[in-house]
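Biologist: I have not looked at this one before. Can you take me through it, starting with the words you use?

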Amino acid sequence: MTRTLEVDLGDRSYPIHIGPGLLHDPVLYRPHIRGRQVMIVTNETVAPMYLAPLRAALDGLEVREVVLPDGEQYKTLEVWNRIFDALLDARFARDCTLIALGGGVVGDMAGFAAACYQRGVAFIQVPTTLLSQVDSSVGGKTGINHPAGKNMIGAFHQPLAVIADTETLDTLPQRELSAGLAEVLKYGLIRDPAFLDWLESHMAELLSRDPEALAHAIRRSCEIKAQIVAEDELESGQRALLNLGHTFGHAIETASGYGNWLHGEAVGAGMCMAADLSARMGWLAEADVERVRRLVTCAGLPTEPPPELDADRFRELMAVDKKVLDGRLRLVLLTAVGEAVISDEIDQDQLMATLSARRP
Ligand SMILES: NC(=O)c1ccc[n+]([C@@H]2O[C@H](COP(=O)([O-])OP(=O)(O)OC[C@H]3O[C@@H](n4cnc5c(N)ncnc54)[C@H](O)[C@@H]3O)[C@@H](O)[C@H]2O)c1
Ligand SMILES: [Zn+2]
């Protein structure tokens with residue numbers, strides 16, 4: 001059942017292992033750990049479930065852990081600093097390894113700490129949410145939030161390996177599973193109409209956590225992400241396609257206070273808004289907008305932004321997003337279901353119409 005993909009980045013290439021029971025397989029970790037010091041970064045929810053088996057897999061090494069509070073609202077400079085406190089307190093050297101055990105929040109924070117500690121140390125991702133297994137653990141984007149905007153402070157720092165144990169998804173709350181499906185749908189929408197068809201006909205299996213269906217969705221998602229990252233590691237071009245729905249979504253997350261809307265929920269609504277705008281600009285058929293909305297609904301995700309977020313505030317928040325270049329807003333829009341483009345020729349009136357529209 002285990003499959004290994006590769007992110008092809010020359011001498012920084014790395015494997016993504018996907019399968020059941022991988023968390024406690026020592027063989028997967030050893031090739032990537034050079035020194036003897038290992039710091040596991042996790043949070044208070046994940047630690048009671050998965051810290052002990054991970055520790056057992058690292059038997060014989062000098063293993064410490066730092067357990068962070070759980071939640072997007074803690075993806076801050078202050079909480080991030082606790083990782084350095086732990087590393088310095090234990091006198092960890094440059095040849096130490098950081099392991100992120102948890103979802104995207106832990107992965108982004110641990111990865112960014114690995115990028116900065118002593119100017120960069122080894123890093124392994126052990127993602128335990130669907131979202132982190134299909135998206136955030138792959139590709140090397142790391143960072144933390146600022147009150148003014150999501151992920152505004154960060155670095156590119158590729159892991160040495162991604163170890164995605166699909167059995168860890170058994171304990172994931174249903175709302176988090178749906179949030180992960182938002183990113184899975186994203187891959188189909190931007191690159192792979194056949195995968196989207198498959199998702200449409202297997203959504204019930206995915207929601208009921210059929211292991212085969214989940215494994216297929218994770219593999220295909222990682223394949224697409226790995227391919228896009230290999231083509232454009234630092235997002236000078238096509239990698240920005242992965243931001244479909246995210247400029248809208250980040251505005252929703254910032255407006256609602258971090259942690260109230262899940263990232264995947266905001267992306268779900270954001271993808272519907274991107275489809276809506278694509279149709280207003282004449283690029284996408286109305287029937288396709290409805291198809292996107294149906295898929296997002298079937299995945300258990302919202303299709304509309306919060307009612308209290310008005311268009312002017314929305315646009316203001318979107319302007320803070322990193323995708324603004326030379327003062328011009330750039331958005332990922334759909335030209336078909338399964339095909340996306342990056343555009344900075346956004347008609348302001350049509351954008352405002354999308355931002356204020358609330359469909360029945
Ligand atoms: N770096 C990237 O490329 C990238 C891409 C997408 C998203 N992100 C970031 O990822 C974050 C979202 O990640 P997420 O959705 O994984 O959220 P998360 O890390 O907050 O995890 C969701 C919740 O599930 C809990 N959890 C984790 N694993 C569990 C398990 N196996 N069983 C039960 N509960 C478990 C967590 O403690 C948390 O409460 C956001 O901060 C987003 O910005 C980064
Ligand atoms: Zn995302």
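Modeller: A contact here means heavy atoms within 4.5 Å. Keep in mind that this is a predicted model.

Biologist: Fine. Leaving out residues up to four places away in sequence, what does Glu183 touch?

Modeller: Glu183 touches Leu131, Val134, Asp135, His246, His263 and Val267. Glu183 itself lies in helix α6.

Biologist: Is Glu183 buried or exposed?

Modeller: Glu183 is buried, because its relative accessible area is 1% and the cut-off for buried is under 20%.

Biologist: Which protein donors does the zinc ion (ligand 2) have?

Modeller: They are Glu183 through OE, and His246 and His263 through NE2. They lie 1.9 to 2.1 Å from the zinc ion. Along the chain the donors follow the spacing E-x62-H-x16-H.

Biologist: Which helices hold Glu183 and His246?

Modeller: Glu183 is in α6 (residues 174–191) and His246 is in α9 (residues 246–256), so the pair ties together parts that are 63 residues apart in sequence. Both residues are buried.

Biologist: And where does His263 lie?

Modeller: In helix α10, which covers residues 263–280. His263 is buried, since its relative accessible area is 17% and buried means under 20%. Not counting residues up to four places away in sequence, His263 touches Leu131, Lys150, Glu183, His246, His250 and Glu253.

Biologist: Which residues does UniProt list for "binding site"?

Modeller: The unreviewed UniProt entry lists Glu183, His246 and His263. They are spread over 81 residues of sequence but cluster in space, with a largest C-alpha distance of 10.1 Å.

Biologist: Back to Asp135. Which helix is Asp135 found in?

Modeller: Asp135 is in helix α5, residues 130–136. Asp135 is buried, with a relative accessible area of 8%. Leaving aside neighbours within four places in sequence, Asp135 is in contact with Glu183, Lys186, Tyr187 and Lys225.

Biologist: What does the charged end of Lys186 sit over?

Modeller: The ring of Tyr187, at 5.1 Å from the centre of that ring.

Biologist: Switching to α10 as a whole. How many of its residues are buried?

Modeller: 17 of the 18 residues of α10 are buried, so the helix is mostly covered. From first C-alpha to last, α10 reaches 25 Å, close to the 26 Å expected at 1.5 Å a residue. Just after α10 comes Gly282, with a positive phi of about 85 degrees.

Biologist: What about α3: what span should its 13 residues have?

Modeller: Helix α3 (residues 77–89) should span 18 Å at 1.5 Å a residue, and this agrees with its end C-alpha atoms, which are 18 Å apart. α3 is followed by Arg91, whose phi is positive, near 55 degrees.

Biologist: Which residues of α3 are buried?

Modeller: Val79, Trp80, Ile83, Phe84, Ala86 and Leu87. The buried residues of α3 pack against the strands β3 (37–43), β4 (62–68), β5 (97–102) and β7 (141–146), and against helix α4 (104–116).

Biologist: How many aromatic pairs does the count come to?

Modeller: The count comes to five. Among them, Trp80 and Phe84 form an edge-to-face pair, 4.7 Å centre to centre with 85 degrees between the planes. Trp80 and Phe84 both lie in α3, four residues apart, about one turn of the helix.

Biologist: Why would that spacing matter?

Modeller: An α-helix has 3.6 residues a turn, so residues three or four places apart point the same way.

Biologist: What kind of pair do Phe84 and Tyr117 form?

Modeller: Phe84 and Tyr117 are stacked, 6.4 Å centre to centre and 25 degrees between the planes. The pair links distant parts of the chain, with Phe84 in α3 and Tyr117 in the loop between α4 and β6 (122–127), 33 residues apart. Phe84 is buried at a relative accessible area of 11%, and Tyr117 counts as buried at 5% relative accessibility.

Biologist: Which residues form one aromatic cluster?

Modeller: Trp80, Phe84, Phe112 and Tyr117.

Biologist: Last one. Which residues does UniProt list for the domain "3-dehydroquinate synthase N-terminal"?

Modeller: The unreviewed UniProt entry lists residues 66–178. That span is 34% helix and 30% strand, and its end C-alpha atoms lie 28 Å apart.

Technical notes: Residues numbered from 1 in each chain as written. Chains lettered and ligands numbered in written order. Predicted model: local features only at pLDDT ≥ 70, side-chain atom pairs only at ≥ 80, totals over all residues. Heavy atoms only, no water. Helix = DSSP H or I, 4+ residues; strand = E, 2+ residues; numbered from the N terminus. Buried < 20%, exposed > 50% of the residue type's maximum accessible area, 1.4 Å probe, protein only. Donors = N, O, S within 2.8 Å, 3.2 Å for Na, K, Ca; no water. Expected span 1.5 Å × (residues − 1). UniProt positions renumbered as here; feature names shortened; annotations may be inferred. Phe/Tyr/Trp six-rings, centres within 6.5 Å; stacked < 30°, edge-to-face > 60°. Lys NZ or Arg CZ within 6 Å of the ring centre and 35° of its normal.
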